[in-house]
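Reader: I would like to go through this model with you before I set anything up. Could you take my questions one at a time?
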Amino acid sequence: MYAFTCLVERAWRFGLPLVLVDIPGGFQTVALVGFIAPLAVTVLGPATGQLLDHSPRQLALNTCAVVQGVCIVISGLVMWRAVQLGQSFHLQHSPLFLVLLVFTMLERLTSFASDVAIERDWLTKLVGRGNETALAEANAALRRMDQLAELLGTLAFGWCITHHGNLVVLPVITGLAFLALPFEIWAIQRVVDCAADALTTDRAAAIAARLSLNAQTASEHKGISLSSILKRMGRSAQKTVSSWQLYFQQPVLPASLAFIMLHFNAVLSPGCLMTAFLSSRGLSGTAAAVFRAACAVMGFVGTWVGQALIGSIGLLRTGVCALLLQAGSLALAALIYRSHLAQAHIHQAGATAASALGQAIAGVPLYTWFFCGMIVLSRVAFWVYDMVDAQIFQTAVDPAVVSSVSSAEVSLCSLSELVMLGIAAIASDPSSFGLLVGLSSGTVIAAAVVYSVWVYGQTSGLEDTEHMPKMAAHGLA
């Protein structure tokens with residue numbers, strides 16, 4: 001279920017900027033779409049988490065799957081129409097751009113909700129939050145499926161777009177998204193059939209309370225009036241505030257803040273901005289797919305590295321090692337860019353990037369490969385810390401509010417990404433890419449400092465993950 005969902009989603013996330021960059025307004029359009037998409041998660045994420053905590057698990061996940069699939073289909077049709085109209089069509093000046101933004105936001109929001117539900121709720125209920133070894137294995141398996149989907153989806157999309165073009169690939173990916181829906185719903189039902197008690201027992205009281213509140217609200221406000229609308233808006237705002245309060249009360253807040261800071265790195269990662277940058281430097285769709293696939297392979301490796309480190313040196317120390325490795329590799333990437341790649345755009349007309357920057361491999365300057373190599377290496381560390389952060393939440397956060405707290409964290413991750421993409425949209429000139437590189441690497445270094453200070457500032461008793469439940473009990477008291 002999770003693997004197939006990821007396959008379609010990762011292929012779409014990779015293909016969207018690759019197609020947009022060929023439409024007039026390329027780099028700025030990519031930045032704008034990337035800026036708007038996380039906005040939905042930032043604004044609506046906490047309220048969505050509250051809704052997940054008070055909804056039947058199966059219904060919530062089914063709804064997310066259907067809405068996400070429909071959004072990909074509609075967005076794909078919009079993109080296909082824009083490509084069909086050719087270079088004379090300016091997407092940003094068309095109503096189709098608004099449609100694309102709205103459905104991209106919805107797709108990102110439902111993807112966020114399903115990820116939170118599966119990783120922070122379903123997985124913990126099925127495995128058991130007190131079993132550290134089983135949790136580490138389950139988290140690693142989940143991320144391996146994620147990375148395998150990233151690898152296969154991006155390679156397939158990159159190859160197809162290079163050999164067949166946008167007009168052929170877009171209908172294929174939208175068709176796959178549509179055909180995947182029945183399979184996803186069937187797979188969810190199979191999981192529920194296998195573990196019905198674990199997934200339904202603890203939700204009964206919360207759902208009953210919500211139904212009672214809804215009935216009371218309906219009896220008090222029959223019909224639609226300004227007063228009822230304002231009161232409903234007030235309740236939604238109250239849910240959002242409640243999620244934020246729960247989040248900031250957590251005793252493991254510094255670990256989460258470090259994870260949020262990693263998402264400010266929207267440039268030195270296999271995202272839309274890096275895809276657009278590599279395309280602007282002459283890399284084909286296949287080459288860009290190979291880069292992204294290499295990042296996925298390193299993420300795959302990171303799941304085994306993380307599982308081994310957690311078992312040998314403990315959860316918190318594993319986080320320190322991961323952040324230091326990521327900070328070091330991205331600092332080297334920033335140094336390579338500043339020393340050898342930043343000046344590529346100022347060379348005289350007629351001089352190719354390869355001749356300006358020295359030896360080339362497959363037509364791509366050698367330093368560009370080194371730059372990409374450091375980013376690829378950093379993905380091992382990123383996914384190790386992703387496992388660490390997830391397991392800290394799974395063991396230290398009260399299961400009754402885990403979706404609310406996790407949604408607040410993901411909302412801040414989206415806000416962090418949103419700020420960087422906003423800066424990218426403003427500084428859309430390719431010559432400003434160095435500023436984005438410096439900001440990304442600097443924030444990752446800061447995240448390593450914040451987390452390391454927190455870990456080594458604890459007493460020795462907090463250095464072992466067996467004390468996580470005690471921390472949670474103390475923090476939630």
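Reader: How many residues line the largest cavity, and which lie nearest its centre?
Author: This is a predicted model. In it, 50 residues line the largest cavity, and those nearest its centre are Arg 10, Arg 13, Arg 108, His 263 and Glu 417.

Reader: What volume does the largest cavity have?
Author: The volume of the largest cavity is about 1400 Å³.

Reader: Which elements give two or more residues to that lining?
Author: They are helix H1 (2–20), helix H2 (26–53), helix H4 (95–127), helix H5 (132–164), helix H10 (253–262), helix H12 (285–313), helix H15 (366–396) and helix H16 (402–426). H4 provides the largest share of the lining, with nine residues.

Reader: And how do the lining residues of the largest cavity divide by class?
Author: The lining of the largest cavity has 24 nonpolar, ten polar and 16 charged residues.

Reader: How many cavities of 30 Å³ or more does a search of the whole structure find?
Author: The search finds six cavities of that size.

Reader: What lines the second largest cavity?
Author: Its lining consists of 14 residues, and Thr 5, Leu 61, Ser 114, Ile 118 and Glu 184 lie nearest the centre. At least two lining residues come from each of H1, H3, H4 and H6. By class, the lining of this second largest cavity comprises eight nonpolar, three polar and three charged residues.

Reader: Turning to packing, at what angle do the axes of H3 and H6 cross?
Author: The axes of helix H3 (residues 57–85) and helix H6 (residues 166–194) cross at roughly 175° and come within 8 Å. Angles over 145 degrees count as roughly antiparallel, and H3 and H6 are therefore roughly antiparallel to each other. The residues of their contact comprise 18 nonpolar, eight polar and one charged.

Reader: How do the axes of H10 and H17 cross?
Author: H10 and helix H17 (residues 433–456) have axes that cross at roughly 170° and come within 8 Å. H10 and H17 are therefore roughly antiparallel to each other.

Reader: Which residues of H10 and H17 meet?
Author: From H10 there are Pro 254, Ala 255, Ala 258, Met 261 and Leu 262; from H17 there are Thr 443, Val 444, Ala 446, Ala 447, Val 450, Tyr 451 and Trp 454. In this contact of H10 with H17, eleven residues are nonpolar, one is polar and no residue is charged.

Reader: A single residue next. Is Ser 378 buried or exposed?
Author: Ser 378 counts as buried because its relative accessibility is 0%, and under 20% is the cut-off for buried. Ser 378 is found in helix H15. Leaving aside neighbours within four places in sequence, Ser 378 is in contact with Leu 268, Gln 326, Ser 329 and Leu 330.

Reader: And where is the place of Leu 315?
Author: Leu 315 belongs to helix H13 (residues 315–341). Leu 315 also counts as buried, because its relative accessibility is 0%.

Reader: How far apart are Leu 315 and Met 387 in sequence and in space?
Author: Leu 315 and Met 387 are separated by 72 residues in sequence and by 9.2 Å in space, C-alpha to C-alpha.

Reader: Finally, what does the secondary structure of the protein chain come to?
Author: The chain has 18 helices and two strands. Of its 477 residues, 51% count as buried. Among contacts in the chain with a separation of 6 or more, 86% are between residues 24 or more positions apart.

Key. Residues numbered from 1 in each chain as written. Predicted model: local features only at pLDDT ≥ 70, side-chain atom pairs only at ≥ 80, totals over all residues. Heavy atoms only, no water. Axes fitted to C-alpha atoms, helices over the stretch in contact; angles between N-to-C directions. Helix = DSSP H or I, 4+ residues; strand = E, 2+ residues; numbered from the N terminus. Parallel < 35°, antiparallel > 145°, perpendicular 65-115°, else oblique. Nonpolar A, V, L, I, M, F, W, Y, C, P; charged D, E, K, R; others polar. 1 Å grid on protein atoms, 1.4 Å probe; cavity = no way out; pocket = protein on both sides within 12 Å on 5 of 7 lines; lining within 4 Å. Points joined across faces, edges and corners; volume = space filled by probe spheres on them. Buried < 20%, exposed > 50% of the residue type's maximum accessible area, 1.4 Å probe, protein only. Contact = heavy atoms within 4.5 Å.
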